[in-house]
Amino acid sequence: MWVAAAFLAAVYLAGCGQPQQPAASASVETAPGSNWWKGAVIYEVYPRSFGDSNGDGVGDLNGVTAHLDYLQQLGVDGIWLTPLYPSPEVDFGYDVTDYSGIDPQYGTMADFDRLVSEAGKRNIRVLTDLVLNHTSDKHPWFVESRSSRTNPKADWYVWVDGKPGTPPNNWLSIFGHSAWQWDDTRKQYYYHAFYIQQPDLNWRNRQVRDAMYDMIRGWMKRGVAGFRLDAVPQLFEDTRLQNEEYLPGATAYGDRRTTRVHTDNLPEVHEVYRELRQVVDAVPGTVLIGETYLPDVEQLAEAYGPHNDELQLPMDTQFGMGRELSAERFRAKLRDAETGLHGNMPLLVFDNHDNQRSWNRYGDGQHDDAIARLIATLLLTPRDTALMYYGQELGMSNDDPKTIDQVKDPVGRTGWPKDKGRDGERTPMQWDAGADAGFSTAATTWLPVAPNYATVNVAVESRNPDSLLSYYRRLIQLRKQNAALREGDVKIVDEKNPDVLSFVRSANGTAVLVALNCSSAPRTISYDAAKLGVAGRNLAPLAQSFDSGGQPASLDKLVLPAFGAYVGDIR
């Protein structure tokens, strides 16, 4: 190891002393709407791909504003915008050069303010993405930090001694190869959990924290109602620089696999979560969403804080980000969410800009539409805050690059062909069957429109009451109007059934049965009313993913087709 412990301490803490807590915020009175995010539907907008207002082939802020009526009709309560800040776009906005600005390709700050205002008129809140773990290597902070070992920002990033060609340890970047990059000016290595062009900030430096917290306050003053916190489990690294243990096999990038126990979810992250919460609690109703890819419900529960004083909504990626369509698996994960989070609101998610779309991950090529409706029901009928991704409600599918020269995402170029990157799940929103699927008027869009746009689009599906879009709208409407689905308890029933996941939501004397056939064959099921804790035995459909042909349903006999989903009022 090239860095002595004393030097490491100096690297992380020089000039800033031990981290100090900010002054405790005054107790915040519960304001009307301050818990708006509980049970909300939040919709992720990838601005590059949502709406292009100026015909340059890249989506922008005015393109989002132009489609707010659609989002209102869908029933969403908030939109999360992926990064809009000035950026060299190595990682399409997740490499930031100015946290307080708007990249010109997306518009102006006036455009942003107009979006927030127009969204508010439709009762839609706007959340932005905070890239706290790292900046761009073109950010003025890093330019200054790398200029010498003695400048005012010398300790704003993670720098360690070493020899050229001999990294300090075996830590890997999440995007492949060594996480250490030699810098010839400082004659040191800097750490990057992601791309080389994304150096990690030193969150043990109080000045870094204060700069970030001031930036957050600035966005709250502009009316931002919450923040999605990018890569927050990666904020800290082991100061002893201990090697990770090797695991069998290789990554998609050809690296020998390792653990990540010295770089992911270190205990210090919870101190930052608490400080962030103090900052946002100054404006009641401001919510923190964590990008928390955590391995188990115990670590997820810790992200809420022992006194519910950390993140309000850490993502439960265990629930929906898999590939196995299994009643037993979803039952176990739903039970975890109900019993393992100390009563806190789960944030369930199936799709986002970093993962292959659920249509592809769960689809079998034969029952894809039925499975998409099953996924919609799994997302929108439990007790949860539901996080959607643009186009999910249409059945948009991945359109992955066919050759390496088509790849825009650097991850895809590094990992090709095992990892084709994330372009496939980021293709333009499909609005209609016209040119560019109604996304743009450009001759060429930044990513090509998926070939199924002529039939899978908003215009076509809005006219069809049996479309996937109509099914999503119905479920979201039920969440708002039905007391049991809006605020009811969850009781998992028929727990031994290997193929059908069933649970009952109940509140204010109403009870709703949700039954989900996760198998490729029809299933007929019956329920014991006493075990369900209900008096009635008849079922009145509220939403169902299939045509029952008028066949009546009851607790004595409920027939579900392959991958059928049923939501019914128990009477």
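The model is predicted, so local features need pLDDT of at least 70 and side-chain atom pairs count only at pLDDT 80 or more, while totals for chains, interfaces and linings use all residues. Residues are numbered from 1 along each chain as its sequence is written, and side-chain values use heavy atoms, with hydrogens and water left out.

**Pocket and cavities**

- The largest pocket has a volume of about 1,400 Å³. On a 1 Å grid over the protein atoms alone, a pocket is an open set of points with protein on both sides within 12 Å along at least five of seven lines, and lining residues have an atom within 4 Å of a point.
- A volume is the space filled by probe spheres set on the grid points, which are joined across faces, edges and corners.
- Of the 44 residues that line the largest pocket, Ile174, Phe175, Tyr293, Asp354 and Asn355 lie nearest its centre.
- That lining divides into 14 nonpolar, 14 polar and 16 charged residues. Here Ala, Val, Leu, Ile, Met, Phe, Trp, Tyr, Cys and Pro count as nonpolar, Asp, Glu, Lys and Arg as charged, and the others, Gly among them, as polar.
- There are also five cavities of 30 Å³ or more; a cavity is a set of grid points where a 1.4 Å probe fits but cannot get out.
- The largest cavity holds about 90 Å³ of space, and its lining includes Asp351, Arg357, Trp359 and Tyr472. Helix 11 (358–362) and helix 12 (368–380) are the elements that give two or more residues to this lining.
- The second largest cavity holds about 40 Å³, and Leu81, Phe112 and Trp219 are among the residues lining it. By class, this lining has seven nonpolar, two polar and one charged residues.

**A pair of helices**

- The axes of helix 6 (residues 206–221) and helix 7 (residues 269–280) come within 10 Å and cross at roughly 35°. Helices (H or I, at least four residues) and strands (E, at least two) are DSSP runs numbered from the N terminus. Axes are lines fitted to C-alpha atoms, for helices over the stretch in contact, with angles from 0 to 180 degrees between N-to-C directions.
- Residues of helix 6 including Tyr213 and Ile216 meet residues of helix 7, among them Leu276 and Val279. Contact means heavy atoms within 4.5 Å.
- By class, this contact has seven nonpolar, no polar and five charged residues.

**Residues in loops**

- Glu310 sits in the loop between helix 8 (297–302) and strand 11 (313–316). Glu310 counts as buried because its relative accessibility is 1%; buried means under 20% relative accessible area, exposed over 50%, and partly exposed in between (1.4 Å probe, protein chains only).
- Leaving out residues up to four places away in sequence, Glu310 touches several others, including His270, Arg274 and Tyr304.
- Pro284 lies in the loop between helix 7 and strand 10 (287–290). Its C-alpha atom is separated by 8.4 Å from that of Gly33, 251 residues apart along the chain.

**Backbone details**

- The peptide bond from Trp416 to Pro417 is cis, with omega near 0°.
- Asp494 has a phi near 50°, a positive value in a residue other than glycine. Asp494 counts as partly exposed because its relative accessibility is 28%.
- Asn508 also has a positive phi, near 55°. At 66% relative accessibility, Asn508 counts as exposed.
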